[in-house]
Amino acid sequence: MRVAMIGTGYVGLVSGACFADFGHVVTCIDKDPSKIERLERGEIPIFEPGLDDLVAANVEEGRLFFTLESAEAIRNADAVFIAVGTPTRRGDGHADLSYVYAAAEEIAGLIDGFTVVVTKSTVPVGTGDEVEAIIRRVNPNADFSVVSNPEFLREGAAIGDFKRPDRVVIGVNDGETAPRAREVMSELYRPLNLNESPLLFVGRRTSELIKYAANAFLAMKITFINEMADLCEAVGADVQQVARGIGLDKRIGSKFLHAGPGYGGSCFPKDTIALVRTAQQYGAPVRLIETTVEVNDARKKAMAGRVETTLGDSVAGKTVALLGLTFKPNTDDMRDAPSLDIAPALIAAGARVQAFDPEGMHEAGKLLPGVSMKANAYDAVEGADAVVIITEWDQFRALDLDRVKLLMNQPVLVDLRNVYRPEDMLKRGFRYSGIGRG
Ligand code: UDX
């Protein structure tokens with residue numbers, strides 16, 4: 001199959017590279033010349049394990065191309081994917097669809113022969129209808145079908161998630177073009193082991209909603225265990241054992257029950273708010289998700305307070321070291337990261353803040369101007385009155401804790417990801433607090 005991928009952001013790049021690796025011929029299109037130049041040189045603009053090798057191998061094989069010029073790729077394509085950004089619109093929390101609609105206009109004028117137009121970006125229910133209407137208006141004779149095919153990729157594990165998904169959701173509306181659209185989509189995903197990764201064909205609006213429902217459910221699950229963690233602290237119980245105790249029940253499942261400082265990232269915060277807005281707009285409010293959004297925002301803001309509680313003193317005039325700034329490990333993504341609430345709150349309370357992150361320093365430096373960035377974890381903890389682990393990078397699990405203790409001004413550790421065991425830390429002479437462990 002010939003694929004055109006519009007947008008070389010996170011989703012577009014990973015999907016494009018993986019489709020090429022499936023054996024299809026993929027052209028990734030972007031309007032940003034510097035991005036295309038870098039990609040052509042083999043530089044990957046994001047940090048995602050394995051993506052550089054995958055891109056290089058498929059470029060080498062002549063199956064993956066990058067271009068600023070969309071015309072030829074779209075004309076030749078069996079499927080054109082729209083994988084552009086849908087940021088939160090300022091002011092009202094709705095998803096900003098201007099990039100999606102601009103892509104639809106562009107595609108419309110170029111369609112040549114039957115073409116499946118696929119929305120890969122996370123788009124509110126009904127967006128596929130609008131994309132279809134735009135193409136129909138611009139090019140009344142076009143032979144096309146608009147399909148929804150949401151992504152469920154986790155940053156840091158995106159290639160595995162693409163190639164071994166739990167399921168692939170494909171939304172096609174019934175109609176004259178539906179059988180051909182289903183055929184193209186089945187062919188695109190044929191290399192998957194379909195016994196393990198079923199293709200789920202549903203209607204287009206249903207598919208659009210599945211994406212939001214999945215992310216909202218996961219965000220709610222995390223928020224649930226975070227509230228249980230607070231309750232554990234109040235009653236003297238252990239949230240990790242609670243998580244295991246409930247997670248072994250197959251109806252609940254053990255994943256996404258790690259208590260922490262609150263969820264962040266490019267999807268959960270944006271998608272939960274967008275779902276809340278859509279539901280309100282249709283007069284069918286999703287109150288559980290409204291509450292999830294509120295509880296999570298409040299949680300991230302409250303995390304800095306844990307430093308003072310553990311320290312037993314104000315942070316004013318003290319030095320606080322932050323380990324991990326990205327919203328989760330194995331990414332350089334800082335979007336809605338808990339560190340963006342924690343660091344400014346500590347600074348406002350009078351602390352000197354120094355930090356280290358294995359991949360996020362460049363982005364973090366721009367977003368956290370008051371924080372002194374250090375070259376490694378040991379430099380970051382030097383002279384600190386408290387260390388806060390915000391992101392559970394593997395290298396922080398393997399720290400030489402005796403060295404950390406010697407470097408610190410006083411051995412206080414606030415572990416927002418439960419990386420360490422409280423009894424070990426007490427034995428080592430740290431004043432320690434985790435999340436939800438009594
Ligand atoms: C998520 C979804 O998992 C993915 O399917 C979707 O397509 C995009 O959004 P991602 O944002 O990359 O992926 O990260 P994920 O691993 O889901 O983590 C999201 C946030 O939740 C992170 O801040 C993480 O630290 C937090 N989290 C996750 C927890 O606090 N506890 C958990 O148990 C799991």
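## Exercises on a predicted model

The shell around the ligand takes its largest share, three residues, from helix α9 (residues 204-235); helices are DSSP runs of H or I with at least four residues, strands are runs of E with at least two, and both are numbered from the N terminus. This is a predicted model, where local features need pLDDT of at least 70, side-chain atom pairs count only at pLDDT 80 or more, and totals for chains, interfaces and linings use all residues. Residues are numbered from 1 along each chain as its sequence is written.

**Exercise 1.** Describe the shell around the ligand and say where the ligand lies.

*Solution.* 
- Step 1: Start with the neighbours. The ligand is surrounded by 20 residues, and the closest are Glu 155, His 258, Tyr 263, Gly 265 and Cys 267. A residue is near a molecule if its C-beta atom, placed from the backbone, lies within 6 Å of it.
- Step 2: Sort them by class. Ten are nonpolar, six polar and four charged. Here Ala, Val, Leu, Ile, Met, Phe, Trp, Tyr, Cys and Pro count as nonpolar, Asp, Glu, Lys and Arg as charged, and the others, Gly among them, as polar.
- Step 3: Look at the domains. Both domain 1 (2-202) and domain 2 (212-301) give residues to the shell, so the ligand lies between them. The bounds come from an automatic or database domain assignment.

**Exercise 2.** Describe how domain 2 and domain 3 meet.

*Solution.* 
- Step 1: Find the domains. Domain 2 covers 212-301 and domain 3 covers 303-433.
- Step 2: Check the spacing. Their C-alpha centres lie 24 Å apart.
- Step 3: Count the contact. Domain 2 brings twelve residues and domain 3 brings 14 residues; two residues are in contact if their C-beta atoms, placed from the backbone, lie within 7 Å.
- Step 4: Look at the domain 2 side. Helix α12 (residues 287-302) gives the most there, with three residues. By class, this side has three nonpolar, six polar and three charged residues.
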